Amino acid sequence: MTEAACRVSGLSVVYRTDAVLVDVDLTVPVGAVMGVVGPNGAGKSTLVKAMLGLVRPLTGTVEFFGRSLGEVRARVGYVPQSSAIEADFPITVHDAVLTGTYGELGWWGRPRRAEHHRADQALDRVGLVELGRRPIGELSGGQRQRVLLARALVQDPALFVLDEPFQGVDAHSQRAIADVLEELRSDGRTVLAVHHDLATVQEHCDHVTLLNRHVIASGPRAEVFTRDAVRTTYGAATSDEFGGLPA
Amino acid sequence: MTVLDLFTDHTYRTVIAGTSLVGLVAGAWGVFAYLRKQSLISDVVAHAALPGTLVAFLVAVGLGLDGRAMPALVVGAVVSGVLAVAATHAIIRCSRVRADAAMAVVLTTFFGAGMLLLRHITDGPYPGKGGIQGYLFGDASTLTLADLRAILVVCGAALLVLVLCFKEISHRAFDAEHSAIGGRDGRLVDAVTFATIAVATVIGIKAVGLVLMVAFVITPPAAARQWTRSVRSMTVLSATFGAMSSGIGAALSIVWALPTGPVVVLVLFVILVVSLVAAPRRSIVVRALARRRARRALRESLVAA
Amino acid sequence: MSFVVGAGLLAVVTAVACALPGMFVVLRRDSMLVDAMSHAVLPGIVVGYLITHDLRSPVLVIGAAVAGLLVVLGSEHLARTGLLTGDAPQGLVFPALFSIGVVLVSTRATNVHLDTHAVLVGDLNLAAFEHLSVSGVSIGPRYLYVMLAVLLLVVVFLAATWPRLVASTFDAPHATLLGLRAPTLGTALMFLVAVTVTAGFHAAGAVLVVALVVVPGATALLLARSVSGMLVWTVVVAVAGAVAGFVVAYLTDAPTSAAMAVLYGAVFAVVLAVVRGRGRRQGGARGRLRALVATGHD
C-alpha cells in the first residue's frame with residue numbers, strides 16, 4: 001500500500017448517548033481527492049472534527065502521514081463551512097488569510113513581509129486579491145468561503161480537509177473553489193472533502209467514502225460508488241435518483 | 001420568637017407575603033425572558049430602574065408628595081426599565097454590537113446616571129431622602145401595608161396580562177417567524193412581553209434590592225425547565241418555585257436576622273442545584289450514567305465484532 | 001503631585017487597563033460575564049479578609065480574582081450541561097456568590113469598614129486619597145502605582161499573545177488546529193479580566209467597572225474594520241471618556257466612576273448615531289455590491 005496522507009482506524013464518537021460514528025476505518029492515499037458523502041445526520045462533519053481533534057472520540061486513532069496530528073499540524077489545512085465564522089468580526093480579508101501563517105510563527109514571531117506576500121498570493125489564487133483590505137462582513141457567503149480556502153492555502157499544507165465547501169455558495173464562487181481544488185489535485189496535494197451532493201462527488205472526486213454512522217464503502221470512486229452502496233447509505237427511498245450509477 | 005410569630009406578627013406577615021408575591025410574579029414572567037434567551041435583560045431592567053425611581057422621587061417631592069411611596073417608585077422604575085429594554089433592543093437591531101455588550105452598555109449608563117442622581121439627592125435638602133440608598137439592596141422589613149397593597153395590585157395586573165396574552169407570547173417565544181406569519185404584530189407582542197418583564201422585575205426592588213432581582217427572574221425558570229415539558233407547566237412551576245423560595249427565604253431571614261434578598265437567592269440556588277441533579281429526565285447524574293452506559297455498550301459491541 | 005492630577009491620572013490608567021482586555025471580551029460576546037465577575041469579587045474579598053484580617057492584604061485581590069474566574073468557569077460548565085438555554089447560565093452563579101458575600105459581611109465582618117454600598121459604587125477619590133511620597137515629595141496616589149502595574153501586566157499579555165489572541169477570537173477551532181491553544185488562551189484572558197476588574201473595582205465599584213471594561217470596546221466595534229483598528233479606537237474612547245468623566249465629576253462634585261459611565265454611554269450613543277447616519281448614506285448593501293463588482297462577479 002502507498003503512503004497514506006490520512007489513516008483513520010476504529011474511530012467512534014458518542015455525543016451524549018448517541019453513537020454518531022461507529023468504528024470508522026478510512027484511508028486517504030497521498031494525492032487522492034476523497035469525497036465523503038452521506039445523508040443528513042450521517043456524522044460527516046463530526047468525522048472531520050474528530051479527525052482534527054476538535055471533538056474527542058470514544059475510541060480509535062487518526063494518523064496523518066504516519067504521525068499524530070500534533071507532530072504534523074503544518075501539513076494539514078482545514079477549511080470550515082463559511083457559516084462557522086463570525087461575519088461581523090472586525091477583520092480584513094487579508095488579515096483573516098494571514099492567520100493561516102500563525103501556526104508557524106511561535107510565541108514571539110510576528111508576520112513579516114514574506115507572510116503578507118504569501119497571503120496576497122493565496123488571495124490571488126481564489127480570485128479575491130482586490131478585496132484584501134475589505135472587512136469580511138462586506139463579502140458574500142461564497143466569497144467568505146473562498147477566504148477560508150485561501151487561509152488554508154497560505155499554510156501550504158500537503159493535505160486539505162474541507163467541510164462542505166460548496167454549501168450555500170454562489171455559482172461564481174463554486175467555480176473558483178472547484179478550480180483551486182483542481183489545481184491542488186494536479187499539484188499532487190491530497191484533498192478530503194465532505195459533500196452533501198452526490199453529483200459533486202461524481203464531478204470532482206477520484207476517491208469516495210460513503211458514510212452513514214459507519215463506513216458503507218471507501219476507496220477509488222469506480223469501485224465503491226455503486227447503486228447498491230448508495231442505496232444502502234441513503235436508504236431505498238432515494239435510490240431512483242441515482243439511476244445513472246453502475247449497479 | 002416562635003415559628004408561630006412568623007404568621008401572627010403583623011410585620012413578619014407583611015414581609016413574607018410581599019416577598020412571596022414578588023417571587024411569584026418574577027418567576028412566572030421570568031419564563032418568557034428565559035425562553036427568549038434574554039434572561040439577563042432582567043439585570044439590565046433592575047439596574048436601569050434606579051434613575052427612574054430617583055427621578056420619580058424628585059418629582060413626587062417637588063409636588064409635595066411622599067417620594068418613597070410605592071406607586072411613584074413603580075411608575076418611575078417601569079418607565080426607565082422599559083426605556084432601557086428599548087435601548088438595548090435598538091442597539092442590537094441597528095449595529096453589529098451583540099446582545100451581551102448592548103446590555104452591558106445600557107445597564108452601566110443607566111446605573112451611572114442613577115448614582116449621579118443618588119449623590120444629588122443625598123447631598124440635597126430633600127425630605128424623606130433617608131433610606132433611599134436602600135433600593136440597592138432592598139429591605140423587606142420596611143414594607144408597609146400600603147406597599148403590600150401596591151405590590152398586590154401590580155402583581156395582579158402582571159398575572160392578568162400573562163393569562164390574557166399567554167397564547168401569543170408563548171407562540172412568539174417558540175417560533176417568532178411562524179407567529180409573524182400568523183398575522184401577529186411581533187413588535188407589539190415583544191413590547192408587551194418585555195414591558196411586563198420590566199414591571200415584574202422592578203416590583204421587587206424595595207423588598208430585595210435591584211442588585212439581586214436578576215436571580216428572582218432567572219433562577220425559577222431555569223429550575224422549572226428541568227421538570228417540565230410544556231410552557232404552561234413550566235410557567236406554573238416557575239411561579240411556584242419563586243413564591244415558595246421567597247416565602248421560605250423571607251422567613252429564614254427573619255429567624256436568622258439576615259437581609260432578605262440574599263437569603264432568598266440562596267434558597268433559589270439550592271432549588272436550582274436540586275433540579276439539575278435530581279429532575280428525573282434531565283438530571284445531570286442520570287444523564288452521566290446513561291452516557292457511560294452508552295459508551296460502554298458501544299465499546300463492548302466493537303470488541304465483540 | 002497635586003490631588004486632582006493624581007486622581008485624574010488614576011482614572012485614565014484604570015480606564016485603559018480595563019478597556020484593553022475588554023475589547024476581546026466584547027468580541028467573545030462575554031460582556032455580561034464581566035458583570036457576573038465583578039459581583040463575585042465581593043465574596044472573594046470577604047473570604048480573603050476573614051483569612052488575613054487585613055483589608056490591604058494582596059490575598060484579597062487574589063481571592064477576588066479567583067472568585068471572578070470561578071463565576072466564568074461555573075457559567076461555562078452550566079452552559080455545557082446543555083440543560084439551560086440562552087444567557088441564563090451567566091445569571092445563575094453570580095447572585096448566589098454575591099449573596100454569600102452579603103451574608104458573610106452581615107454576620108462575620110460587621111465591625112469592618114467594608115461597606116456594601118462602596119463595593120457597588122466604588123470611590124475613585126478615596127482610592128486616590130493615600131499618596132506615596134519620596135523624600136517628602138508626593139509622587140502620586142499609591143493606588144495609581146497598583147493600577148500602573150496592572151496596566152503593564154495587560155500590555156505585556158497582549159503584546160505577547162496578540163497574533164494568537166486575534167486568531168483564537170476570530171476562529172477558535174481553526175486556531176486550535178494550528179496548535180495555538182485557543183481554550184487555554186481564553187481562560188488566561190478571562191483571568192486577566194478578573195484581575196483588572198478586581199483592581200479596577202476599588203476605584204469604580206462592582207457595577208461601573210463593567211462600563212470601563214465593555215463600553216470602549218463596544219464603541220470601537222462600531223468603528224473598526226480590523227482588530228488593530230479596534231485597539232486604537234478602544235484606547236481613544238477609554239482615555240477621552242475617562243478625562244471627560246473626571247472633569248465633569250470634578251466640576252460638579254459628582255462621583256467620578258458614575259460620571260465616567262454616563263459619559264461612556266453618551267460617547268457610545270453619539271458614535272452609534274454617526275455610524276448609522278453614515279451607513280444610511282453609503283448603504284451596507286452598496287458596500288457588498290462594490291465587493292461583487294470588484295471581483296467581476298456575475
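This report covers the interface of chain A and chain C, then a nonpolar surface patch on chain C.

## Basis

This is a predicted model, in which local features need pLDDT of at least 70, side-chain atom pairs count only at pLDDT 80 or more, and totals for chains, interfaces and linings use all residues. Residues are numbered from 1 along each chain as its sequence is written, chains are lettered from A and ligands numbered from 1 in written order, and side-chain values use heavy atoms, without hydrogens and water.

## The interface of chains A and C

Chain A brings 42 residues to the contact and chain C brings 39 (heavy atoms within 4.5 Å). About 3,400 Å² is buried between them (accessible area, 1.4 Å probe, lost on being put together, summed over both). Carbon and sulfur atoms give 61% of that area. On the chain A side, F89(A), P90(A) and W107(A) lose the most area to chain C, together 19% of what that side buries.

Three salt bridges cross the interface (a side-chain nitrogen of Lys or Arg within 4 Å of a carboxyl oxygen of Asp or Glu). R29(C) pairs with E86(A) in a salt bridge, and their closest N and O atoms are 2.5 Å apart.

## A nonpolar patch on chain C

A nonpolar surface patch of about 800 Å² includes F3(C), F129(C) and V239(C). Its residues have over 30% relative accessible area (Shrake-Rupley, 1.4 Å probe) and no salt bridge, with nonpolar side chains joined within 5 Å.

Helix 1 (3–27) and helix 11 (227–252) of chain C each give two or more residues (helices are DSSP runs, H or I, of at least four residues). Helix 11 gives the largest share, six residues. V239(C) lies in helix 11.

Definitions and conventions:
Buried area is the accessible area (1.4 Å probe) that two parts lose on being put together, summed over both. Patches are made of residues with over 30% relative accessible area and no salt bridge: like charges are joined within 9 Å, nonpolar side chains (Val, Leu, Ile, Met, Phe, Trp, Tyr) within 5 Å.
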